[in-house]
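Have your viewer ready and follow along.

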Amino acid sequence: MNLNPYLNGADAEHHVQLGLAQTLCEAAGTGVDAALTREILDQLVAYSDVHFISEQLLMRLCGYPGYDDHVSDHDRLIRELEVAKQQYGGDGEQTLALPAAEAILALLAQHISMQDRRFVDFFHGWSQHAANAEPPPATRGSGGK
Ligand SMILES: [Fe+2]
Ligand SMILES: [Fe+2]
C-alpha cells in the first residue's frame with residue numbers, strides 16, 4: 001500500500017475513472033437506457049477533465065521531465081472523450097454502442113498503466129528525496145555579537 005497522500009489520491013481518482021468507464025460499457029452493452037448511458041459519459045468526461053488538470057499541477061510541482069508527453073496524451077484523451085460526448089452525450093440523438101464504450105475504457109486503462117504509472121514512479125522518488133533532503137542551514141541572527 002502506498003502511504004503517500006498525493007499518490008493515494010491519484011490511485012483513488014484512477015479507480016473512479018476506470019469505474020465510470022466500466023459502468024459506461026455495462027450501460028452501453030445493455031442498450032436499454034440511452035439517457036443513463038449519456039449521463040455516465042457526461043460524468044466521465046467531466047471527471048477526467050478535472051483529474052487531468054490536478055495531475056498536471058502535480059507534475060509541474062515536482063518538475064516532471066515527461067510533462068509535455070503526458071499532457072499530449074491527456075489532450076488526446078480529452079479530444080476523444082469530447083468527440084464521444086458531442087456524438088452520444090447530453091442531448092445527442094445517437095446511442096453509444098458497446099465497441100465505442102470499450103474503446104474509451106481501453107484508452108483510459110492504457111494511459112493509467114503506462115503514462116500515469118511512469119509519473120507515479122517518478123513522483124514517489126521525488127517525494128522521498130524531498131522528505132530526506134537536509135533542511136536549509138539556519139539563518140544567523142544579525143542582532144548578536
Ligand atoms: Fe495522466
Ligand atoms: Fe491519471
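What follows goes from the chain as a whole to one helix, and then to a helix pair.

This is a predicted model, in which local features need pLDDT of at least 70 and side-chain atom pairs count only at pLDDT 80 or more, while totals for chains, interfaces and linings use all residues. Residues are numbered from 1 along each chain as its sequence is written, and chains are lettered from A and ligands numbered from 1 in the order in which they are written.

The chain has four helices and zero strands, giving the pattern α-α-α-α along the sequence. Helices here are DSSP runs of H or I with at least four residues, strands are runs of E with at least two, and both are numbered from the N terminus. Of the 145 residues, 23% are buried (20 or more other C-beta atoms within 10 Å of the residue's own; exposed is 12 or fewer, partly exposed is in between, and C-beta atoms are placed from the backbone). Among contacts (C-beta atoms, placed from the backbone, within 7 Å) between residues at least 6 apart in sequence, 73% join residues at least 24 apart.

Now turn to helix α3, residues 67–88. Its 22 residues should span 32 Å at 1.5 Å a residue, and the end C-alpha atoms are 31 Å apart, which agrees; the expected span is 1.5 Å times one less than the number of residues. Which residues of α3 are buried? They are H70, L77, L81, A84 and Y88. These cover an arc of only 55° around the axis, so they sit on the same side of α3 (the arc is that of the directions from the helix axis to the C-beta atoms). On the other side, the exposed residues of α3 are D68, S72, D75, R76, R79, V83 and Q86. The cover over the buried residues of α3 includes α2 (34–61) and α4 (98–132).

Helix α2 has 28 residues and reaches 41 Å from first C-alpha to last, close to the expected 40 Å. Its buried residues include I40, L44 and F52. After α2 comes G63, with a positive phi near 65°.

How do the two helices pack? The axes of α2 and α3 come within 10 Å and cross at roughly 165° (axes are lines fitted to C-alpha atoms, for helices over the stretch in contact, with angles from 0 to 180 degrees between N-to-C directions). The two are therefore roughly antiparallel, a term for angles over 145 degrees. Among the residues that meet are L41, V45 and F52 in α2 and H70, L77 and L81 in α3.

Technical notes
Contact = placed C-beta atoms within 7 Å. Parallel < 35°, antiparallel > 145°, perpendicular 65-115°, else oblique.
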